[in-house]
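Hi,

Here is the structure I promised to pass on. Have a look at it first, and then read my notes below.

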Amino acid sequence: FTMNQGKYVFSQIISLLSHKEFHTIVARYKGDYKTKHFNCWRQFLCMIFGQLTQRDSLSDTILCLTANSNKLYHLGIGEAVSKTTLSRANENRDWRIYADLCMKLIHEAQQLYSDDSGLDFELKNNVFAIDATTINMCLSAFFWAKFRSTKGGIRIHTQLDLKTSIPSFVHITPANVHELNVLDLITFEADSFYVVDRGYIDFRRFYRIHLSGAYFITRARKDFSFTLVKSQKTDKQSSILCDQIIKLKRTNFYVFRNYPEKFRRIKMYDSEMDRTFIFITNNFELSAIQVASLYKNRWKIELFFKWIKQHLKIQSFWGQSENAVKTQIWIAISTYVIVAIAKKKFGLKQSLYEILQVLSISIFEKIPIAQLFENSVQLQDFKELNNNQLNIFDL
């Protein structure tokens with residue numbers, strides 16, 4: 001790590017990005033057309049600096065950069081930027097530049113994490129959770145983000161790889177776009193599992209998953225009616241109450257036509273929560289316990305949304321146009337992925353949460369990153385400081 005001697009922590013993080021690939025993407029959208037000084041690269045550096053140092057606003061970011069103007073040349077930002085310049089760039093430069101960059105980073109992270117399996121049992125198949133989170137906004141300021149008659153909001157639809165906790169698909173819409181519609185945009189991979197909550201139950205769309213050779217897992221609604229085809233044996237000692245092969249009722253012609261095949265219904269009692277859960281899936285190979293376990297892993301997408309909202313400053317927006325908001329969200333998700341890449345490349349043992357926290361207070365340090373995270377005394381003090389916030393990330 002001698003090559004990082006004398007480089008700021010911020011520069012070491014940024015060095016994980018390919019400058020060449022970034023400029024290829026910028027050229028694709030003519031992002032630097034008629035730009036003299038403040039190009040897309042500098043815009044990106046200012047924004048990711050704000051994310052990594054957990055600034056609260058655009059003004060706060062500019063203030064911090066200006067206060068450290070003597071270091072900006074070494075960060076690659078050059079001279080200090082005015083708030084108007086950065087704000088104008090966010091409003092006008094195509095957000096797809098940062099969406100494409102994010103997808104490039106995601107692809108790299110997926111390869112780095114390909115051997116990881118955050119599941120409770122060995123499984124060759126890919127396992128994805130699909131869900132959406134809504135961020136409320138003031139409708140008068142963000143008139144394009146319709147939600148309800150008096151409320152504005154946007155929805156971030158995400159498909160998360162449950163083995164690696166890396167998102168593989170992200171789609172941003174106004175909050176009034178129903179999450180079900182996003183299933184139509186996803187290309188389902190054969191032999192992969194797609195775990196969704198009850199809000200996504202739509203048998204016509206589930207049949208599309210089935211026909212593409214993939215599997216769905218979800219929880220059944222209370223009013224779910226079906227015809228029993230066969231009951232399968234279950235271990236009386238286990239938490240599985242029943243494992244049935246069922247079909248949709250023929251009496252409801254339209255529903256039956258949407259999904260004419262058999263699938264499974266699994267009833268399970270969770271003694272810890274003292275609750276009964278009913279799962280439905282079109283997979284007949286996994287044991288009932290494994291199906292329940294995969295659904296339980298859906299919690300990781302909730303953690304991802306929580307992490308993004310808490311630590312990556314997308315609850316307060318730094319621009320009002322749709323373009324500025326999408327730019328900020330894509331750069332926020334890119335920051336999450338870059339932290340995940342840094343964890344692998346620098347061999348860090350800490351959680352993404354801890355890594356981001358330490359980076360936020362060490363951005364102007366000139367110390368190799370691996371060394372920074374070896375300093376266990378400093379990290380121990382840091383952990384104790386944040387202990388009450390960390391509990392949820394230790395699950």
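A question to start with: in which sense do strand 8 and strand 9 pair, and over how many bridges? Strand 8 (residues 263–270) pairs with strand 9 in the antiparallel sense, and seven bridges link the two. Keep in mind that this is a predicted model.

The two strands make a hairpin with four residues between them. One to click on in that turn is D274, where phi is positive at about 55°.

Strand 9 (residues 275–281) has another partner as well: strand 5 (residues 215–219) runs antiparallel to it, with three bridges joining them.

Next, D243, which sits in strand 7 (residues 240–248). Is D243 buried or exposed? Its relative accessibility is 8%, and the cut-off for buried is under 20%, so D243 counts as buried. Its side chain has a polar contact of 2.9 Å with the side chain of R264. Beyond its neighbours within four places in sequence, D243 is in contact with R264, R265 and I266, with K230, S231, Q232 and T234, and with A288.

Which residues lie nearest its centre? They are D270, M273, F277, A292 and K296, out of a lining of 20 residues. Strand 8, strand 9, helix 10 (288–296) and helix 11 (299–311) each put at least two residues into that lining, and helix 10 gives the most, with five. Sorted by class, the lining has nine nonpolar, eight charged and three polar residues.

Finally, some overall numbers. The protein chain has 16 helices and nine strands. Of its 395 residues, 52% count as buried. Among contacts with a separation of 6 or more, 62% are between residues 24 or more positions apart.

Cheers

Conventions
Residues are numbered from 1 along each chain as its sequence is written. This is a predicted model: local features need pLDDT of at least 70, side-chain atom pairs count only at pLDDT 80 or more; totals for chains, interfaces and linings use all residues. Side-chain values use heavy atoms; hydrogens and water are left out. Buried means under 20% relative accessible area, exposed over 50%, partly exposed in between (1.4 Å probe, protein chains only). A polar contact is a pair of N or O atoms within 3.5 Å; within protein, one must be able to donate a hydrogen and the other to accept it, and residues adjacent in sequence count only if both atoms are side-chain atoms. Contact means heavy atoms within 4.5 Å. Two strands pair if DSSP finds at least two bridges between them. On a 1 Å grid over the protein atoms alone, a cavity is a set of points where a 1.4 Å probe fits but cannot get out, and a pocket is an open set with protein on both sides within 12 Å along at least five of seven lines; lining residues have an atom within 4 Å of a point. Ala, Val, Leu, Ile, Met, Phe, Trp, Tyr, Cys and Pro count as nonpolar, Asp, Glu, Lys and Arg as charged, and the others, Gly among them, as polar.
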